[in-house]
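Dear colleague,

Please find below the structure that I am handing over to you. My account of the findings follows directly after it.

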Amino acid sequence: GVLSAFFPALPAGFYLLRALPRWGFADLLPKIISGIGNNPTMETALALWDLAEAAGPEVRAVFADHPIDRVPKVLAESNAGRDFLTRMGEFLKAHGHRAVREFDFSCPRWRDDPTFVYETVRNYFSHPTDQLTPRQHYERQVSEHEHAKTEIEQKLRGHPLRRWSFRRSVRLIETRLPLREAPKFYALMGLAHIRDLYLEVGRRMVERGVLEKPDDFFFLSIPEIERIAQGELGEDWVQEQIPVRRREFARHMRANPPLVVRSDGKPMVKPAAGADVLRGMAVSSGRARGPARILLDPSDGALLHPGEVLVAPFTDPGWTPLFLTAGALVMEIGGAMSHGAVVAREYGIPAVVGVKDATRLLRQGEIIEVDGGTGEIRRVAAPHTQAQPALRNTET
């Protein structure tokens, strides 16, 4: 049902990608396929930005002067801080079911551990005052989408068939494309509830002395849980297995799996040589230049500074708050309708996906230029070279 609701946006989008340049509107194409709105994942990030923007000097000083794990406690000591905590509570009530690596039950939801949220807010405080805010930038995208749509319709008045097909295609994109993200947003509410139920079982097992911590539950299989409940597996076996499995999990998280594995189980790995220009699929137009910030996990998002180019193996909705400060996006995996591509277009940041080995070939801090129109990533300067501040130009 979800796919059938979203699918009509795909042929409509491909039709416009081919038709608009033929009709002489190639320069308006990026504005037609972005700024569509009604994207719940993007709205989550913007709601977090609004929370940060409303914070006064007293709250900002607390974030600047204290470690993140102490910020909530210090904020609770002042009226301004308590007001901020109230707004934070409202944000977490609406969006706290999301998480870093949110499709993994073992990962805490934001409402359980809001460290990532607080770190992102602190990162937002460093947004340059002489640049458009993420909210302003997004609203400009939406406005430009409407103006481009009006301009094209007016110029097609002498071509009724083209005008009809354009209107129909845009309507499909505007109503169906947001459904690409909406199912995830609401499905994760259910997943968060299931996680709470699992943790309750884990807490009861802690009370019985079977587990040391409630989240140890996630390192046991359902059959093993049943055998423990029936007394077939003892506490000694459980307490021996959990540390082993936690170490195995940590080792797997550090692994860099191949993109393709053959039917015989052997990976297809072709080492990619370094080059001055890397190429991928252009999915969000514009050009941006800035230092590369290579992140393998969104939990390290506090390292991303405004204007830096986010280079990641892939992204899911848990990465979205980072997009608001990134100058551009480069991903090793993804397509034109992947999460990262959709959100990048909505926010208007240049993005290139399918860049093989980007996290390995690019170096932390080196200056790169991302062209979201051609799919090229050009290496400009070495990491320790004094370079100009990051620049973004959303015009192709």
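In the second largest cavity, the lining residues divide into three nonpolar, three polar and one charged. Here Ala, Val, Leu, Ile, Met, Phe, Trp, Tyr, Cys and Pro count as nonpolar, Asp, Glu, Lys and Arg as charged, and the others, Gly among them, as polar. This is a predicted model, in which local features need pLDDT of at least 70 and side-chain atom pairs count only at pLDDT 80 or more, while totals for chains, interfaces and linings use all residues. Residues are numbered from 1 along each chain as its sequence is written, and side-chain values use heavy atoms, with hydrogens and water left out.

The residues that line the second largest cavity are Phe116, Glu119, Thr120, Asn123, Gly301, Ala302 and Leu322. Helix α8 (residues 115–124) supplies the largest share of this lining, four residues. A helix is a DSSP run of H or I with at least four residues, numbered from the N terminus. The volume of the second largest cavity is about 30 Å³.

A cavity is a set of points, on a 1 Å grid over the protein atoms alone, where a 1.4 Å probe fits but cannot get out; lining residues have an atom within 4 Å of a point. Grid points are joined across faces, edges and corners, and a volume is the space filled by probe spheres set on the points. By this rule there are two cavities of 30 Å³ or more.

The largest cavity has a volume of about 50 Å³. Among the residues lining the largest cavity are Ile36, Leu177, Arg180 and Glu346. Its lining has four nonpolar, two polar and three charged residues.

I turn now to helix packing. Helix α4 (residues 40–53) and α9 pack at an angle of about 140 degrees, with their axes 9 Å apart. Axes are lines fitted to C-alpha atoms, for helices over the stretch in contact, and angles run from 0 to 180 degrees between N-to-C directions. α4 and α9 are therefore oblique to each other (under 35 degrees counts as roughly parallel, over 145 as roughly antiparallel, 65 to 115 as roughly perpendicular and the rest as oblique). Met42, Leu46, Ala47, Trp49 and Asp50 of α4 make the contact (heavy atoms within 4.5 Å) with Pro134, Arg135 and Tyr138 of α9. This contact of α4 with α9 has six nonpolar, no polar and two charged residues.

The axes of α9 (residues 134–155) and α10 (residues 160–176) come within 10 Å and cross at roughly 160 degrees, which makes α9 roughly antiparallel to α10.

Yours sincerely

Conventions. Helix = DSSP H or I, 4+ residues; strand = E, 2+ residues; numbered from the N terminus. 1 Å grid on protein atoms, 1.4 Å probe; cavity = no way out; pocket = protein on both sides within 12 Å on 5 of 7 lines; lining within 4 Å.
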